[in-house]
Amino acid sequence: MKFALQFCQRVRHRQLQNRGLHMPPVEKTRSNDQWKYKLEHSEDLIKRAMTLYKPNELMLCFNGGKDCTVLLDILAKIKPPSIPLRAVYVKSADPFEELEKFVDDCHNRYGLQLLRYEGVLKLAFEQLLAENPQVKAMFLGCRRSDPGGLNLSEMLPCDNGWPAMMRIFPLLEWSYHDIWSYIRINNLPYCCLYDQGYTSLGDRSSTHLNPSLLAYDENLGKMTYRAAFELEDTRMERVNRDEHDQGTMGESKQQ
């Protein structure tokens with residue numbers, strides 16, 4: 001029985017890798033009480049939001065990144081089976097092909113009702129609400145360490161001229177390592193780019209390999225990039241990104 005399970009897991013790994021995705025190692029790491037508390041708090045916030053809003057009034061902002069991948073999985077485990085997961089994906093101007101494939105994979109794996117838009121994020125959300133006026137709140141995977149995250153609260157109305165809706169941040173107090181702990185403990189598939197030296201993903205033109213992950217590999221006999229979960233100094237998470245975007249829903253006028 002144990003051999004059969006291990007064989008199935010290896011087959012699953014190969015299937016994901018052939019599709020440009022990555023399944024983290026089967027071995028589980030230990031979680032600590034603080035991390036468990038954060039997960040429980042996130043679940044409580046999501047449940048509270050589900051009592052405040054009707055199912056068709058809630059959506060998830062999903063872009064295939066590590067944070068919203070974790071949030072999607074938590075939502076999928078909490079929601080009633082009869083209620084579909086509804087998400088919006090705004091395609092960037094120059095997306096990674098691997099990220100696009102991963103979004104498609106999540107679409108199929110979770111049975112997402114996924115609305116797709118292109119262009120400037122703010123304009124895309126204006127179009128979303130024009131076409132879906134019932135939407136009143138959006139789950140986002142922002143964390144406190146993200147740009148604009150210091151002055152956010154768990155539930156906060158949009159400001160700075162963004163379309164009127166409530167922003168809900170279940171992962172606000174999670175750390176970079178908390179995100180990777182959840183992924184690895186739950187064997188959660190993630191975009192394969194995170195294994196190639198990227199710690200944060202945006203447009204291809206503005207996203208580079210993270211120099212903090214460059215190290216000498218004795219087996220290969222050369223310098224190579226480690227996986228994102230091996231980043232030690234979390235302050236270096238976004239050094240691989242050129243910060244010249246047009247703003248995000250996570251930013252607030254209080255900052």
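This is a predicted model: local features need pLDDT of at least 70, side-chain atom pairs count only at pLDDT 80 or more; totals for chains, interfaces and linings use all residues.
**Helix packing and aromatic contacts**

Helix 3 (residues 66-78) packs with helix 4 at an angle of about 5°, and the two axes lie 12 Å apart. Angles under 35 degrees count as roughly parallel, so helix 3 is roughly parallel to helix 4.

The contact draws on residues from both helices. Helix 3 contributes Thr69, Leu72, Asp73 and Ala76. These meet Phe102, Cys106 and Tyr110 of helix 4. By class, the residues of this contact divide into five nonpolar, one polar and one charged.

Aromatic rings were examined next. The structure holds seven aromatic pairs. One of them joins Phe96 and Tyr198, with ring centres 5.4 Å apart. The planes of these two rings stand at 70°. Planes over 60 degrees apart count as edge-to-face, so the pair of Phe96 and Tyr198 is edge-to-face.

Both partners sit in loops. Phe96 lies between strand 3 (86-91) and helix 4 (97-110). Tyr198 lies between strand 8 (190-191) and strand 9 (214-217). The pair therefore ties together parts that are 102 residues apart in sequence. Phe96 is buried, and Tyr198 is buried as well.

A further aromatic group involves four residues. Trp180, Tyr190, Tyr194 and Phe229 form one cluster. Phe229 also has a charged neighbour: Arg184 lies over the face of the Phe229 ring, at 3.8 Å from the ring centre.

Methods:
Residues are numbered from 1 along each chain as its sequence is written. Side-chain values use heavy atoms; hydrogens and water are left out. Rings of Phe, Tyr and Trp (its six-membered ring) pair if their centres lie within 6.5 Å; planes under 30 degrees apart count as stacked, over 60 as edge-to-face and the rest as tilted. Helices (H or I, at least four residues) and strands (E, at least two) are DSSP runs, numbered from the N terminus. Buried means under 20% relative accessible area, exposed over 50%, partly exposed in between (1.4 Å probe, protein chains only). A charge sits over a ring if NZ of Lys or CZ of Arg is within 6 Å of the ring centre and within 35 degrees of the ring normal. Axes are lines fitted to C-alpha atoms, for helices over the stretch in contact, and angles run from 0 to 180 degrees between N-to-C directions. Angles under 35 degrees count as roughly parallel, over 145 as roughly antiparallel, 65 to 115 as roughly perpendicular and the rest as oblique. Contact means heavy atoms within 4.5 Å. Ala, Val, Leu, Ile, Met, Phe, Trp, Tyr, Cys and Pro count as nonpolar, Asp, Glu, Lys and Arg as charged, and the others, Gly among them, as polar.
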